[in-house]
Amino acid sequence: MHANEPKASLQAHRPIVMSERGMVVAGHPRAAEAGAAMLRAGGNAMDAAVAAAATLAVAIPFMNGLGGDAIALWFDAKAGVTAINGSGKTAKAATAEAMRARGLSALPRRGPLGVSVPGVVAAWAESLERFGTRSLAEVLAPAIALAEDGVPLDRTGAGFFNGPDYAELAAAFPNLVTLYGRPGTAELGARLKQPAVAEMLRCIAQHGWRAFYEGPLANAWLAEARAQGVLLDASDLAEHETLFDAPLAIDWRGRRVHVAPPNSQGIALLAMLGLAELEDDQPSGDEDPLLDPAAHLARKCTAFRIRDAYCADPRRVTLPPDVLKPRFLTALRKSALEPVAISGGGDTSTLVAVDSAGNAVSWVQSLFEAFGSCIACVQHGMVLHNRAILERLDDDPVRGLKGGYRPFHTLSPALVTGPYGLELAIATPGDHGQPQSLLQVMRRHFEQGLDIQSAVEWPRIRHDQGKVVLLEARCPEAWTPLLENAGWTVQRVDGWSRLMGGVNAIRRMADGLLMGGADPRRECYAVAV
């Protein structure tokens with residue numbers, strides 16, 4: 001028997017994938033396979049993570065790609081946790097004053113003005129240099145092959161390219177059609193080939209990651225982007241750097257939970273966990289940890305107030321030393337509650353990887369929304385993200401648009417450690433819902449005792465915006481009157497709604513056994529070594 005052995009559950013629709021030698025769980029089967037193959041070849045968790053991340057960029061191009069960002073956590077079994085900030089800065093020319101001079105009161109959701117420096121390529125390569133054991137060329141090889149051969153469209157891919165969102169975007173941005181085909185013509189299993197992406201990756205593999213930010217390749221794709229109105233210039237690219245820093249962490253239920261520091265919203269997850277522990281609402285036995293869904297939502301919204309106060313470029317905010325301590329949380333809990341939300345995508349890709357030595361990665365990368373800004377550099381097969389649209393065109397000290405600063409980021413990877421090292425690597429897409437989904441899976445697993453696959457599949461609740469709360473159709477009917485009586489507006493959504501994210505998780509037991517959790521709400525998949 002394992003220490004703290006989770007209870008099996010008949011609720012799960014998928015088996016629990018297990019292994020002692022390593023595992024990758026990712027938002028697409030091909031990415032999980034690419035990462036697991038790297039482990040089989042003797043690579044470590046970071047080698048696997050970068051191989052999987054590059055493959056995700058090819059396999060789900062409308063959710064992530066070379067034109068996006070990444071934020072991740074690395075756990076070294078001997079040295080602890082490092083946060084990896086692969087988000088890029090806004091163009092130095094992109095200031096609130098400059099945008100107001102254009103007659104704007106907010107950045108347009110699509111188009112060139114929301115583009116900031118894509119940081120994902122540097123994050124892949126620099127993370128590999130610091131923590132990996134394989135060359136960049138080796139780990140990019142699976143993604144290059146998939147881009148050349150073509151990724152067979154799964155239900156999610158075919159559904160997106162045949163759906164109304166792509167039709168609307170393609171009508172406004174015809175370069176998308178050049179790269180990905182006409183709306184309504186996708187077939188299940190049809191191969192989406194991306195030769196320009198393959199060539200970009202091959203060039204990066206040959207010349208190094210700096211070629212994406214300086215020199216002929218950088219100048220070429222930047223010229224394409226600037227011709228469409230993007231404000232980035234050569235100095236914005238050349239000055240980009242990936243940040244490696246200490247994570248934020250709190251003790252929770254005898255474990256330690258780690259997240260990325262601002263500009264990531266990971267601090268919201270820690271505040272939610274801290275508030276739950278402060279109120280001592282730990283369930284026992286088979287009890288649902290969300291016995292009081294109204295109180296659960298109140299804690300979430302309180303935590304988001306911390307996020308909104310401090311989640312910005314580290315140069316813009318200073319975290320109070322007691323920001324996650326009981327005294328601070330108690331004072332915040334007693335203050336006026338104002339539910340908040342971040343409007344945006346949820347079109348993000350994630351993966352987790354653990355190797356046989358207990359090293360681990362939680363990795364999140366994104367274009368923010370479906371095809372991000374929709375500004376496509378056709379000759380280079382790349383679409384740029386729109387992360388800067390979350391910045392405001394006023395002088396707000398946290399969220400007011402400033403040139404050359406990293407914008408607020410929803411990407412929030414997480415790791416849980418304990419007395420024997422790593423216990424859980426977990427990540428999910430879902431914009432405003434990311435910390436909400438992570439919270440529910442973690443509480444159902446560690447408190448309710450569900451195995452990790454069952455915890456991932458269990459029905460979820462999500463604060464949407466204002467006083468609106470979304471419940472999956474599988475949630476208890478009794479929750480609706482409880483929430484309505486507390487002043488919430490309840491909307492029931494599909495029983496397996498992608499709005500609730502797509503959680504990827506790996507649980508590591510005391511003896512080193514790995515158990516994978518892959519969310520059927522999206523195309524998540526676990527592959528064991």
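## Exercises on a predicted model

Gly88 is found in the loop that runs between β4 (80–86) and α3 (96–101). The structure is a predicted model.

**Exercise 1. Decide whether Gly88 is buried or exposed, and list what Gly88 is in contact with beyond its neighbours within four places in sequence.**

Step 1. The relative accessible area of Gly88 is 0%.
Step 2. Buried means under 20% relative accessible area.
Step 3. Gly88 is therefore buried, as its value is 0%.
Step 4. With the neighbours within four places left aside, Gly88 is in contact with Asp69, Ser116, Val117, Gly119, His240, Arg406 and Pro407.
Step 5. Gly88 can also be placed relative to Arg387: the two are 299 residues apart in sequence, and their C-alpha atoms are 9.1 Å apart in space.

**Exercise 2. Describe the open sheet of seven strands and find its edge strands.**

Step 1. Write down the order, which is β1-β20-β19-β15-β14-β9-β8, with antiparallel pairing.
Step 2. Look for strands that pair on one side only: these are β1 (17–19) and β8 (248–252), the edge strands.
Step 3. From one strand to the next, the twist averages 20°.
Step 4. Take the pair at β1: this strand and β20 (residues 514–518) are antiparallel over three bridges. Met18 stands opposite Met515 in β20.
Step 5. α12 (residues 266–278) lies across β8, β9 (255–259) and β14 (414–418), at about 20° to β8. α15 (residues 434–446) lies across β8, β9, β14, β15 (421–427) and β19 (504–508), at about 140° to β15.

**Exercise 3. Describe the lining of the largest pocket and that of the largest cavity, by class of residue.**

Step 1. The largest pocket has a volume of about 550 Å³. Its lining has 24 residues, with Phe160, Asp165, Asp347, Ala370 and Arg498 nearest the centre.
Step 2. At least two lining residues of this pocket come from each of α6 (155–161) and α7 (164–172).
Step 3. By class, the pocket lining divides into seven nonpolar, five polar and twelve charged residues.
Step 4. The largest cavity holds about 170 Å³ of space. Among its 23 lining residues, Gly27, Ile60, Met63, Thr156 and Glu523 lie nearest the centre.
Step 5. Two or more residues of this cavity's lining come from each of β5 (151–152), α6 and β10 (348–355).
Step 6. By class, the cavity lining has twelve nonpolar, eight polar and three charged residues.

Key:
Residues numbered from 1 in each chain as written. Predicted model: local features only at pLDDT ≥ 70, side-chain atom pairs only at ≥ 80, totals over all residues. Heavy atoms only, no water. Helix = DSSP H or I, 4+ residues; strand = E, 2+ residues; numbered from the N terminus. Buried < 20%, exposed > 50% of the residue type's maximum accessible area, 1.4 Å probe, protein only. Contact = heavy atoms within 4.5 Å. 1 Å grid on protein atoms, 1.4 Å probe; cavity = no way out; pocket = protein on both sides within 12 Å on 5 of 7 lines; lining within 4 Å. Points joined across faces, edges and corners; volume = space filled by probe spheres on them. Nonpolar A, V, L, I, M, F, W, Y, C, P; charged D, E, K, R; others polar. Pairing = 2+ DSSP bridges. Axes fitted to C-alpha atoms, helices over the stretch in contact; angles between N-to-C directions.
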